[in-house]
Amino acid sequence: MAGCLDASSVAAVLARMAETRPRVHCLTNTVAQNVTANMLLAFGAIPSMAVHVDEVAGFAQGAGAILINLGTISAEGELAIPKLLEAARDHHKPLVLDPVFVELSPLRRHIAREVLRLPDVVVRGNATEMAALASELDAAERVTRVTTGKVDHIEGKRGALAIAHGHPLMTKVTGLGCASSALVAACCAVETDPVIAAGAALTAFGIAGEIAAAKSAGPGSFAVNLIDALASLDEALLRRHMGERA
Ligand SMILES: Nc1ncnc2c1ncn2[C@@H]1O[C@H](COP(=O)(O)OP(=O)(O)O)[C@@H](O)[C@H]1O
Ligand SMILES: Cc1ncsc1CCOP(=O)(O)O
Ligand SMILES: [Mg+2]
């Protein structure tokens, strides 16, 4: 039976985020780079996005977590990935994979398979992407599966969570799934249990989506209001949206 987090657990992760300000090194797609960087900053983390094979290892070794997003994977990006995997392995960095459109691309499936040779990877995707990777995920060691949608489902070594926060407008702005993967990575930098880290990230992001939607006329204003809402989160707001007494 999947559980959910309480406001104090989410607030504790956000407090560590504010205190630590982890840098998330993102090898991510050109569509979502800007929204990803802005959401990480609003969340209290620091984004970096270098890709060149001769410098990416240094960026990754000094980061709190690593994100690999396959959305616009290039030959240059593909060269950098082994360096990121080495950094994650040798320097014990949390690593999140976002297998964008893996269902459409044998190349992306191949790269996802290579990434999943590493143990303890956190994979965040939508239901189509996670279903397309089912056999690779089944074969991966100590993988944490994060499947987003109307309800986000998180399954890992230490349990399962279902997160029923968010708003349909979050599907109308490009890059918000990619951004959610980056927020999961940021939480993995300050919370050692990836199930709790992903639960905190998606609870916070979903509540920010609810707050932003209430004051938006459409997807354009929603995109801007979402950054403000994410930056405004505190325990009182979390409690209000999680139905807990202030
Ligand atoms: N129908 C929905 N209602 C509320 N929130 C949603 C809905 N669909 C997706 N979300 C939220 O939107 C964000 C992006 O999820 P999703 O659309 O599944 O990713 P992707 O953009 O990679 O396909 C997640 O935070 C998720 O919780
Ligand atoms: C449209 C598109 N094409 C390649 S990456 C990308 C952005 C996908 O963003 P998200 O998965 O967050 O909707
Ligand atoms: Mg996506």
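Guide: Gladly! Let us begin with one contact: an oxygen atom of ligand 1 has a polar side-chain atom of Arg124 at 3.1 Å. A polar contact here is a pair of N or O atoms within 3.5 Å; within protein, one must be able to donate a hydrogen and the other to accept it, and residues adjacent in sequence count only if both atoms are side-chain atoms. Before we go on, a word on the model: it is predicted, so local features need pLDDT of at least 70, side-chain atom pairs count only at pLDDT 80 or more, and totals for chains, interfaces and linings use all residues. Residues are numbered from 1 along each chain as its sequence is written, chains are lettered from A and ligands numbered from 1 in the order in which they are written, and side-chain values use heavy atoms, with hydrogens and water left out.

Back to ligand 1. The side chain of Asn126 has an N or O atom 2.9 Å from an oxygen atom of this ligand, and for the side chain of Asp152 the distance is 2.8 Å. Taken alone, ligand 1 exposes 550 Å², of which the protein buries 81%; such areas come from the Shrake-Rupley method with a 1.4 Å probe, and for residues only the protein chains shown count as cover. Around ligand 1 there are 13 residues, and Arg124, Asn126, Thr148, Asp152 and His167 come nearest (near means a heavy atom within 4 Å). By class, this shell has 3 nonpolar, 7 polar and 3 charged residues. Ala, Val, Leu, Ile, Met, Phe, Trp, Tyr, Cys and Pro count as nonpolar, Asp, Glu, Lys and Arg as charged, and the others, Gly among them, as polar.

Now for the space itself. A pocket is found on a 1 Å grid over the protein atoms alone, as an open set of points where a 1.4 Å probe fits, with protein on both sides within 12 Å along at least five of seven lines; lining residues have an atom within 4 Å of a point. The largest pocket holds about 800 Å³ of space, a volume filled by probe spheres set on the points, which are joined across faces, edges and corners. Its lining counts 31 residues, with Arg124, Met170, Thr171, Leu176 and Gly177 closest to the centre. The element giving the most to this lining is α8, with 4 residues (helices, H or I, of at least four residues and strands, E, of at least two are DSSP runs numbered from the N terminus).

Finally, meet ligand 2. Its surroundings include Asn29, Phe101 and Thr174. Backbone atoms face its oxygen atoms: an N or O atom of Leu176 at 3.3 Å, one of Gly177 at 2.8 Å, and a polar one of Cys178 at 2.7 Å. Alone, ligand 2 exposes 370 Å², and the protein buries 72% of that. The shell around ligand 2 has 4 nonpolar, 5 polar and no charged residues.
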